[in-house]
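Please walk through this protein with me, from its overall build to the packing inside.

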Amino acid sequence: MNYEILINRQNRCPTLSQDLVEVTPLFPKKRRKKIYLEKKVYQAFQKIQKEGLKYGYYFDIVEGYRSVKDQRKIFTQMIDRYSLEDAICMTAVPNFSEHHSGLAIDIEYCRRTKKGAYRKRKIRETDPEYSFLLQHMHQYGFILRYPKEKQLITQYRYEPWHFRYVGKKLANILYQEKLTLEEYYQKNYD
Ligand SMILES: [Zn+2]
């Protein structure tokens with residue numbers, strides 16, 4: 001498995017030999033779909049989860065591996081709801097989603113409400129959980145894939161919840177040099 005693979009609007013997700021494992025959530029929802037991830041990615045995420053707990057942060061994965069068929073469904077729904085143009089802006093065309101690889105994760109956090117119930121929410125920019133992730137994710141091999149200030153380069157709108165596993169070595173380089181995967185490839189392979 002090549003963890004450094006570039007998948008974006010121009011580069012489709014190739015056929016990969018994946019080793020997908022099922023994710024066990026910290027806080028299971030009543031009716032939830034099963035979530036799968038590449039094994040090594042899940043192991044790395046579990047370390048983050050553990051580290052987060054020390055700070056009182058409860059991280060879970062809301063989206064991991066996604067089949068081309070599922071992406072087709074999402075894409076079609078977006079077109080029906082909005083327009084083809086908007087759908088392309090908001091999600092990936094089937095075969096071109098990073099989620100096909102099993103290397104991408106959408107993170108949510110869980111908080112306890114005063115009444116003792118759990119509330120789950122996708123990571124947002126203003127959350128302290130987000131600052132924690134920004135500071136630590138690269139140490140475990142993840143990068144924030146679609147940063148706010150790089151939208152023109154990634155051709156994706158800002159997604160504070162979407163992280164991509166690229167391995168520790170590359171994650172550290174990208175973090176230190178403040179590069180997206182696109183910029184890294186341009187710099188090294190063009
Ligand atoms: Zn995502």
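This is a predicted model: local features need pLDDT of at least 70, side-chain atom pairs count only at pLDDT 80 or more; totals for chains, interfaces and linings use all residues.

Residue numbers start from 1 along each chain as its sequence is written.

Start with the whole protein. Its secondary structure comes to seven helices and seven strands. Here helices (H or I, at least four residues) and strands (E, at least two) are DSSP runs, numbered from the N terminus. Along the sequence the pattern reads β-β-α-β-α-α-β-β-α-β-α-β-α-α. The radius of gyration is 16 Å, close to the 16 Å that the globule rule gives for 190 residues, so the protein is as compact as a globular protein of that length. That radius is taken over C-alpha atoms, and the rule is 2.2 Å times the number of residues to the power 0.38. The C-alpha trace spans about 50 × 40 × 35 Å along its principal axes.

Now go inside. Buried residues make up 29% of the 190 residues. A residue is buried if 20 or more other C-beta atoms lie within 10 Å of its own, exposed if 12 or fewer, and partly exposed in between, with C-beta atoms placed from the backbone. The largest nonpolar core has 28 residues. Such a core is a set of buried Ala, Val, Leu, Ile, Met, Phe, Trp, Tyr and Cys residues joined through C-beta atoms within 7 Å. Ile107, Met137, Phe142 and Ile143 have the most contacts inside this core. Several elements each supply at least two of its residues, among them helix H1 (39–54), strand S4 (104–112) and strand S7 (162–165). H1 gives the most, with five residues.

Take Ile107. Not counting residues up to four places away in sequence, Ile107 touches Phe59, Ile61, Val62, Ile123, Leu133, Trp161 and Phe163. Contact means that the C-beta atoms, placed from the backbone, lie within 7 Å.

Next, look at S7. S7 pairs with S4 in the antiparallel sense over three bridges. S6 and S7 also pair in the antiparallel sense over three bridges. Pairing requires at least two DSSP bridges between two strands. Arg164 in S7 is the bridge partner of Ala104 and of Ile143. His162 and Arg164 point one way from S7, Phe163 and Tyr165 the other way, and all are buried.

Finish at Leu37, in strand S2 (residues 36–38). Leu37 counts as buried because 27 C-beta neighbours lie inside 10 Å. Beyond four places in sequence, its contacts include Leu20, Tyr42, Gly102 and Ile105.

Conventions:
Two residues are in contact if their C-beta atoms, placed from the backbone, lie within 7 Å.
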